[in-house]
Structure formats: C-alpha cells, structure tokens
Amino acid sequence: MKLSVVCISLLVATACLAVAPATFAAEAAPDNPDAKCLKCHSKKLKKALEDGETMILQVAGDEFEQSVHQVIGCTGCHRDVPKGKHPSRQPISSRREYSLKHNETCSQCHAAKHMDYKDSVHANMVAAGDNAAPVCSDCHSSHSIQQRAVYEPVSGEPCSTCHQDIYDAYAQSVHGLARANGNVIREKHIQAPICADCHHSHDITAVSASDYLRETCLECHDGAAVAHEKWLPNAGMHMKSVSCAACHSPMADRRVDLQLYDNLKQVPVAQQDNEGTYQARLEEIDAAGDGLDSVELWKLVRQGSRQGEAIDVTLRGRMEVTTGVDAHRLAPRGQAVRSCESCHQGGANGFENVTVSISMPDGRKQRFEADKKVLNSVVSVDSVGDFYAPGGTRIRLLDGLLVLALVGGLAVPVGHIALGKYLRKKNRKQ
Amino acid sequence: MTTTTMNYSHQHGKPEKVYLHPVPVRLWHWLNALGFTLLILTGLQIRYVDLFSLMSFETAVKLHNWVGFGVIANWFLWFIYYLFSERVTNYHPDLDPVSFFQRYFRQAGYYSWGYFQGDQRPHKVQPNDKFNPMQKLTYQFVMFISAPVTFLTGLMMWDVRRFQGLIEMVGGLRVVNTVHVLMFILFVGFIITHIYMGFLGKKPSSHYKEMVTGYEEEH
C-alpha cells in the first residue's frame with residue numbers, strides 16, 4: 001500500500017515536472033502540489049515546539065529543486081499531508097523527535113541503506129538516547145539532499161560537521177594531502193580514501209569495536225602484511241596487537257588498552273550481563289577510584305570468570321593511539337615508527353598510559369584508567385596473559401630475581417674462597 | 001662408542017689417565033658455551049635496551065633467534081650421542097635416593113671441608129660414571145628440564161602465530177616469557193657456579209684441560 005503511494009507520488013511528481021516550468025515559484029501551476037506547499041513554506045514560517053524551541057518551516061525552493069528528491073516532491077516524504085493531516089495542527093515535542101520520526105520515512109525507499117544504518121554506531125547511539133547522534137537528515141540534510149558524488153570532494157562533508165577536528169587531521173595526513181593533490185601517491189595515480197572509504201557510509205562501526213578497520217587498511221594496502229613480514233619479527237602478532245596508526249601516525253600519543261574478552265565465546269565482554277554492569281563491578285573493586293592496580297585487575301578477571309555459567313574472561317591488550325585525531329594523522333610510509341626501541345624498552349611512551357575497556361551496547365568502548373604498573377607486575381601474568389612486549393613490559397620481580405641469581409652465583413666462588421682462606425688460617429694456627 | 005682408558009702406569013710408571021670426554025661431548029660442550037654466552041648477551045640486550053646498548057634491539061632479536069636454533073641443534077647432537085652410547089649411564093637416575101643423597105651431602109661436605117684439607121674426592125670418576133651426585137642432579141635438571149623448557153618457550157616466542165594454540169593452552173605469551181626468563185635466570189646462576197667449579201680440580205686448569213683433551217688430569 002505504502003509502496004503504491006510512493007509510486008503514485010513519483011508518477012505525479014514526474015508528470016508535474018514534465019509540464020511545469022523548470023523553476024519553482026510560488027506562482028507555479030496550481031496542479032503542481034510542490035508549488036502549493038512552497039506557497040506557504042517559501043515564507044519565514046515558524047512553529048512553536050513543546051520543548052519551548054522554535055522550528056523554522058521555511059524551505060528554500062531552489063535548493064529543493066536541485067536536490068535528488070525533487071523528483072518525488074514534498075509528499076514523497078510528507079505523506080500525511082495529502083491525507084488531510086497537515087502537521088500544522090499537530091503538536092511536535094522537539095526538533096529531535098520530528099527528525100527521528102522522519103528517519104523511518106527514509107527507510108521506506110532506502111530500505112537497504114537503512115538496514116546498514118540500523119547496525120551502525122550512529123544508530124546505536126540514537127537508540128541509547130544520545131541526542132547528538134546523527135539521523136539521516138543530519139548527514140543528508142532535509143531538503144537539499146544531493147547525489148553521492150557531491151559528497152566525495154575533499155570538503156569532508158558531511159562527516160566534518162561533527163568530526164571537524166578529526167577531518168582537519170585527515171586533511172593534513174598522507175591520505176588527505178594526496179586526495180587534495182589529485183590523488184597522486186608515490187608518483188602514481190591512486191585513489192586516496194575519504195571518510196566513507198574506510199568507515200563506510202551507513203554501516204559505520206565503532207572503530208574500537210573490532211578489527212574491521214585494520215582489515216580496511218589492508219584492503220588497499222594489500223601488500224602490507226607481506227612487507228611487514230620481511231623485516232618485523234612476529235609481524236602477524238604485531239599487526240594484531242598494535243593498531244596501524246600506532247606506528248603510522250608517528251607523532252601520536254599511544255596507550256595500551258586492555259579489553260575484557262570472553263575467550264569461550266570469542267567476543268568482547270558486554271557491559272551488561274545477568275549480574276549487573278561491569279562498571280558497577282569495577283567501581284566496587286576500585287573503591288578508591290585511583291585506577292585499577294594489578295591486584296584489582298586480577299580480581300576483575302577472576303570475578304568475571306565466576307559469574308553464573310562458566311566463562312573464561314581475560315584481558316586482551318592492544319597498543320593504540322589515544323585519540324581519533326591522532327588516528328587520522330597518518331604520515332607517509334617513510335615517517336612511520338620503524339625503531340623497535342620505540343616500544344621495546346622500559347619507560348616507552350606507549351606503556352605510560354593504560355586503560356581497561358568494556359564493550360558498550362553501541363559497539364564503542366567504555367574505558368577505565370589503570371595503573372601503568374599493571375604491565376610490569378607479576379600478578380598480571382594471569383590477567384594480562386596475551387599482551388607482552390619484550391623489554392617494554394618486563395616483569396620487575398624477574399629483574400630482582402636476576403640480580404639475586406647474579407649475587408647468589410658470585411657468592412658461591414667468593415664464599416668458597418673465603419672459606420678456604422679461613423680454614424687454612426685455622427689449620428696454620430693449630 | 002667404546003670406553004678408552006690409557007693405562008700409562010704399566011708402561012711408563014705414570015698415573016692412569018681416563019678418557020672422560022669423547023669428541024662429540026667436547027664439541028657439544030664448547031659450542032654450547034659459545035651459544036649460551038651469545039644467548040645471554042643478546043637476551044640481556046633484548047630485555048634491557050634502556051640500560052645498555054651493545055647492539056640494536058633488532059640485531060639482538062635476530063642473533064638470539066639464530067643462535068637459539070644453533071643451541072637447540074647442538075642439544076640434539078648431545079642427546080643423540082648419549083642415546084646411542086654406553087656413556088648414557090652418566091645421566092641415568094639413581095634408583096636408591098637415600099644412598100644418592102647420602103653421597104650428595106658427602107660431596108657437598110667435601111667441597112666445603114675436605115677439599116681444603118687435601119682429602120681424596122669421595123666420587124671416583126669413571127667414563128660411565130663421571131659425575132658426582134651434585135653434578136649429576138644439576139646436569140639432569142639442566143639438560144632434561146631447564147634446556148628443553150627454555151628451547152620450547154623460546155620457539156613459542158620466535159613465532160607467536162605458529163604456536164598460538166600452545167601459547168593459549170599454557171596461559172598466554174606473558175606466561176611463556178616468564179618461564180623463559182626464569183630459566184634464563186637459573187642458567188645465569190648455574191653458569192657462574194659452573195665456571196668456578198671448573199677451577200676446583202687438582203690444579204685450577206685441570207678440569208678446563210680435560211674439556212679440551214678429553215682425558216682426566218691427574219688427581
């Protein structure tokens with residue numbers, strides 16, 4: 001039924017276009033329904049909302065005429081109007097509420113895109129009640145909806161509307177500069193990515209949620225894995241435990257993130273389970289609120305393993321950059337971190353900042369501060385079993401044992417020689 | 001492999017010399033000494049880049065890996081030699097622990113008292129029984145437990161992805177590294193003691209000469 005209405009609307013709109021002049025004007029032919037709408041909505045109409053705000057009801061006719069939706073006309077989306085249900089008499093609680101309602105309208109024609117969007121971090125944030133999370137119209141606008149090609153230039157739109165700082169970092173990165181410079185990379189014409197090439201347009205996953213972004217890097221840099229294996233010992237493990245940006249954004253601040261992970265289900269542990277939230281558990285364990293130390297971390301993992309059904313919880317470590325801005329400051333290959341000593345020594349920058357993270361329903365991570373000493377504690381042998389960087393995260397207790405072995409080893413000859421001297425002296429006296 | 005005893009006493013009136021260390025054993029021993037020296041140096045460099053800089057981390061890792069494989073191959077030289085030699089009895093466990101530990105403490109007493117009094121060594125060295133109880137227990141532990149565990153944990157860290165299943169089974173990379181370092185610490189203590197004990201022959205150079213010529217020096 002709905003589909004037929006859309007089709008009829010499309011036909012009507014197309015028919016109207018065929019007979020109507022190219023320009024929209026309030027004085028358009030009376031059988032043009034859009035002209036009827038614009039007769040009022042080209043004026044500075046306002047509507048008072050229940051939340052006290054005011055909604056501007058003016059639509060720029062020329063912009064709508066240029067939009068891709070011009071072909072379906074006003075009633076293509078505002079379907080209640082032809083049914084005599086003009087919303088002027090209906091109360092609207094807020095602009096957000098109105099946008100959310102029309103988000104569903106988009107899905108009636110763009111079902112596939114909407115399905116992609118529904119699983120995205122944006123949609124999850126909307127579902128979680130985040131009023132800043134974008135709906136369709138926030139990226140595509142309400143009435144000036146343009147073709148995909150319009151979004152491709154290096155303007156950063158629409159992503160930069162919310163992620164301006166990240167876009168600025170991208171614009172100065174090897175990708176952004178190449179894009180602005182005619183896509184010339186290493187004297188070859190290679191299409192440098194814009195936002196959607198890495199993050200996708202609608203099924204945007206939380207960057208921290210999985211390994212998908214690394215796979216995205218490798219989709220273009222398909223020789224990277226082999227290239228790393230030529231010089232980097234345990235290249236596969238490095239690529240799993242170190243984010244691409246941690247090395248390829250050389251000026252970035254780095255940290256180690258320890259994500260709670262269910263080894264049996266092979267998925268990150270969710271914030272919420274039958275026993276309550278991990279956040280509550282963390283706050284209970286770290287009652288002082290001074291960051292999790294190694295014993296508290298061990299308690300967290302052990303407690304996690306004892307909840308209800310048998311689960312095997314561990315902490316999966318990964319070195320990453322600290323901010324999204326840093327993640328986009330990607331440098332040319334020659335400037336990437338190449339020196340092993342950058343990480344593999346005590347006091348290295350990346351090990352000074354440690355967080356423990358838990359997956360939130362929207363796919364993002366909730367992070368909690370941890371004491372950096374957890375990486376060097378013998379207690380962490382159990383809780384942080386899979387993350388170890390020789391030199392950088394060495395266990396201090398073993399350093400002490402090595403000194404003890406050296407001292408003990410040297411004590412044998414020194415003690416034995418001293419004993420010999422003592423006994424000979426004693427024998428001489430006798 | 002046959003046991004060789006050169007009976008100098010009958011022909012020349014000199015004390016009997018016993019052939020203690022056949023060529024494969026001496027070859028293994030000195031290759032091992034060289035290998036372990038390099039492994040300790042590179043291992044310390046890998047672990048303590050922030051404290052000293054003998055070579056780059058990258059070089060230390062490469063050298064450590066190559067020498068590690070060499071030492072593993074060398075262990076098999078030792079193992080195969082003894083497996084097919086009658087001298088394997090040197091490593092046989094003593095089936096009478098009470099008697100063994102009595103002799104063990106007698107040997108310890110000798111080193112702490114009798115040695116300085118010029119007493120006769122309590123253990124008579126023979127080609128098929130050349131280790132005193134203290135040596136035997138130490139070498140059994142080093143060769144059958146410590147070295148293989150170090151090799152295995154080293155291999156696991158050499159290629160983490162290849163041994164991922166095994167690493168997860170034992171509790172993770174940090175567990176593997178901790179065991180590897182613990183074994184290294186034991187080796188450090190062992191080697192210092194081992195080098196010193198080498199000087200406790202009749203003359204300080206006696207045991208070192210034995211490991212070169214193969215023949216027991218006079219006692």
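Tutor: Two strands are said to pair if DSSP finds at least two bridges between them. Strands are DSSP runs of E with at least two residues, helices are runs of H or I with at least four residues, and both are numbered from the N terminus. The model is predicted: local features need pLDDT of at least 70, side-chain atom pairs count only at pLDDT 80 or more, and totals for chains, interfaces and linings use all residues. Residues are numbered from 1 along each chain as its sequence is written, while chains are lettered from A and ligands numbered from 1 in the order in which they are written.

The strand to examine is β10 of chain A, residues 354-359, which is mostly covered, with five of its six residues buried. Here a residue is buried if 20 or more other C-beta atoms, placed from the backbone, lie within 10 Å of its own, exposed if 12 or fewer do, and partly exposed in between. β10(A) pairs in the parallel sense with strand β5 (residues 254-262) of chain A over four bridges. Val356(A) in β10(A) has Leu258(A) standing opposite. With strand β11 (residues 365-370) of chain A, β10(A) pairs in the antiparallel sense over six bridges. Val354(A) has Ala370(A) of β11(A) as its bridge partner. The hairpin formed by β10(A) and β11(A) has five residues between the strands, and Gly363(A) takes a positive phi near 95° there.

Chain B is divided into domain 1 (19-91) and domain 2 (147-201), with bounds from an automatic or database domain assignment. The C-alpha centres of domain 1 and domain 2 of chain B are 12 Å apart. Seven residues of domain 1 of chain B contact eight residues of domain 2 of chain B, contact meaning C-beta atoms, placed from the backbone, within 7 Å. On the side of domain 1 of chain B that touches domain 2 of chain B, α3(B) provides the largest share, four residues.

Between the chains, 26 residues of chain B are in contact with 35 residues of chain A. The side of chain B that touches chain A takes its largest share, twelve residues, from α7(B). Its residues divide into 13 nonpolar, seven polar and six charged; Ala, Val, Leu, Ile, Met, Phe, Trp, Tyr, Cys and Pro count as nonpolar, Asp, Glu, Lys and Arg as charged, and the others, Gly among them, as polar.

How values were computed: Two residues are in contact if their C-beta atoms, placed from the backbone, lie within 7 Å.
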